[in-house]
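Keep the sequence open beside the model as you read.

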Amino acid sequence: MNALLVYPQFPDTFWSFRHALKFIRKKASSPPLGLVTIAALLPPAWEKRIIDLNTNHLDDEDIAWADMVFVSAMVVQRDSAYDVIHRCKLAGKTVVAGGPLFLGEWDKFGEVDHFVLNEGELTLPLFLQDLEKGSLQRVYASEEFADMTQSPVPLWELVDTRYYDSLSIQYSRGCPFNCDFCNVTAMLGHRPRTKTAAQIIAELDKMYALGWRRNIFFVDDNFIGNRKELKEEILPALIRWRKGKKGCYFITEASINLADDPELMKMMVDAGFTSVFVGIETPAEESLAECHKGQNLRRNLVESVQRLQRFGLQVMGGFIVGFDSDRPTIFQQQLEFIQKSGIITAMVGMLQAPYGTRLYERMEREGRLLQDMTGNNTDGSTNILPKMGFETLRKGYQQLMDELYSPHNFYQRVRNFLEMYNPPRLNVAIHFEEIYAFFSSIWRLGITGKERREYWRLFFWTLFRYPRKFALAITFAIYGYHFRQVNGSS
Ligand code: SF4
């Protein structure tokens with residue numbers, strides 16, 4: 001059996017980092033972890049080929065080669081997924097689909113032959129058994145949660161890693177918290193299910209053996225869901241693994257209560273974590289209470305963020321506007337908060353209600369659901385009718401984005417961050433791409449860019465005051481270019 005696994009194209013989004021990736025001659029942030037894991041769950045005797053449309057074309061010859069096409073996609077890849085499926089059906093192929101897009105919308109994809117939904121470790125074996133028996137169903141779903149200790153080492157050898165900036169690894173699924181707009185708990189439950197330290201090390205060893213030395217993203221929804229296991233098993237194993245190795249620094253996502261645990265922060269930094277994405281959402285307490293984000297309530301959020309940065313963890317933040325409790329001042333409040341906290345990568349979106357969440361149910365009950373979600377958090381769209389009115393929200397949002405990413409505010413934020421950030425000593429692997437990015441930044445930002453004054457000011461300010469942070473300053477200048485391009489303000 002020839003299995004073609006296809007990952008549809010992402011539009012140009014905040015998270016695509018497409019404009020920044022050009023500086024380091026990469027095509028995409030990271031390869032499709034779901035598909036390389038599915039490939040490892042397919043029978044070893046099958047021939048497998050992965051095409052990521054973010055790095056390669058899907059040729060007619062690839063489709064002709066396949067006996068079966070597996071498509072995995074997130075909501076934001078919807079348009080490209082439709083195209084891929086249609087092309088494969090025109091060529092007479094059997095199409096099997098899975099991933100978050102199809103979980104909520106499988107009934108809209110009439111051309112797909114079979115859906116393998118929920119966690120592949122549970123539903124793919126059912127599909128394969130029925131395939132063997134010749135009695136395939138259209139939909140394979142499960143209400144149970146997979147045992148992560150049974151998840152295989154992904155088949156990274158199917159991917160040309162040269163195109164990517166980072167590889168991904170997943171230690172846990174599920175989150176103990178209960179934010180009402182989040183579909184993680186709806187899809188993956190509240191109890192964090194984890195892989196063993198031996199599994200994690202086996203995955204890292206494989207990446208290292210393939211020559212990987214760049215970033216590795218722990219794509220857990222909340223990496224610190226099981227702190228006891230992290231401290232006793234996983235982080236000590238990562239600290240041992242890192243000894244004598246170059247590169248391979250870790251990024252992850254965690255809840256803000258990480259800032260309350262100095263031991264955990266220190267262990268993460270020692271293990272090689274450099275950045276953490278935190279869902280801050282909003283500085284407005286009423287809005288945090290409204291969405292049940294209790295872990296962010298009754299704390300000084302700026303202080304929590306700065307503590308993480310002082311410990312050596314760069315904070316990327318998720319922010320939301322458009323809660324029912326938001327007042328007209330929310331846009332200014334968000335701007336001031338983000339500037340003060342020094343969060344450079346601030347992903348601000350309008351409140352959306354993903355399928356399966358408690359927010360979705362409430363919006364449905366209140367008759368406030370609009371069109372399908374785009375899945376792009378920062379395109380100024382929402383699938384709900386906001387209380388403050390769509391036009392007020394859209395205008396306030398656009399103004400906030402313009403202000404946040406204006407060269408003046410952005411470079412000021414970078415300086416705020418660099419002043420408080422305490423970088424850990426890293427055994428960095430310098431690649432040709434970084435040297436290329438440095439000279440490209442001089443040309444594109446310092447000579448031809450509109451922000452050239454701000455660029456040179458940051459360049460010399462960092463060089464003379466914080467030379468150890470100079471490379472970071474250039475990286476952030478490049479990020480700023482990407483954010484302005486995506487925002488249409490450059
Ligand atoms: S903390 Fe993050 S992952 Fe957990 S429920 Fe809230 S938004 Fe979802």
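**Around the ligand**

The shell around the ligand is made up of five nonpolar residues, five polar ones and one charged one. Here Ala, Val, Leu, Ile, Met, Phe, Trp, Tyr, Cys and Pro count as nonpolar, Asp, Glu, Lys and Arg as charged, and the others, Gly among them, as polar. The residues that surround the ligand are Cys175, Phe177, Asn178, Cys179, Cys182, Val184, Thr185, Asp221, Asn222, Ser255 and Gly279; to be listed, a residue needs its C-beta atom, placed from the backbone, within 6 Å of the molecule.

A word on what you're looking at: this is a predicted model, where local features need pLDDT of at least 70 and side-chain atom pairs count only at pLDDT 80 or more, while totals for chains, interfaces and linings use all residues. Residues are numbered from 1 along each chain as its sequence is written.

Now step back to the whole chain. The domain assignment gives domain 1 (2–140), domain 2 (165–347 + 390–420) and domain 3 (432–487), with bounds that come from an automatic or database domain assignment. Between the C-alpha centres of domain 1 and domain 3 there are 37 Å. Their contact draws on nine residues from domain 1 and 13 residues from domain 3, where two residues are in contact if their C-beta atoms, placed from the backbone, lie within 7 Å. On the domain 1 side of that contact you'll find five nonpolar, two polar and two charged residues.

Next up is helix H17, residues 432–447. Helices (H or I, at least four residues) and strands (E, at least two) are DSSP runs, numbered from the N terminus. H17 has 16 residues and reaches 22 Å from its first C-alpha to its last, close to the 22 Å expected at 1.5 Å a residue; that expected span is 1.5 Å times one less than the number of residues. There's a bend of about 25 degrees in H17 at Ser440, taken as the angle between axes fitted to the seven residues ending there and the seven starting there. Which residues of H17 are buried? They are Ala437, Ser441, Leu445 and Gly446. Buried means 20 or more other C-beta atoms within 10 Å of a residue's own, exposed means 12 or fewer, and partly exposed is in between, with C-beta atoms placed from the backbone. The cover over the buried residues of H17 includes helix H18 (452–465) and helix H19 (470–487).

The loops deserve a look too. Leu53 sits in the one between strand S2 (47–52) and helix H3 (60–65), and it counts as partly exposed because it has 18 C-beta neighbours inside 10 Å. Not counting residues up to four places away in sequence, Leu53 touches Val6, Tyr7, Pro8, Gln9, Leu58 and Ser80.

Leu155, in the loop between strand S6 (139–140) and strand S7 (166–169), is buried, with 20 other C-beta atoms within 10 Å. Leaving aside neighbours within four places in sequence, Leu155 is in contact with Val36, Ala39 and Ala40. Glu203 is 48 residues from Leu155 in sequence, and their C-alpha atoms are 9.6 Å apart in space.

Finally, check the backbone at Asn118, which has a positive phi of about 55 degrees although it is not a glycine. Asn118 lies in the loop between strand S5 (114–116) and helix H6 (120–133). Cys248 is not a glycine either, and has a positive phi of about 55 degrees.
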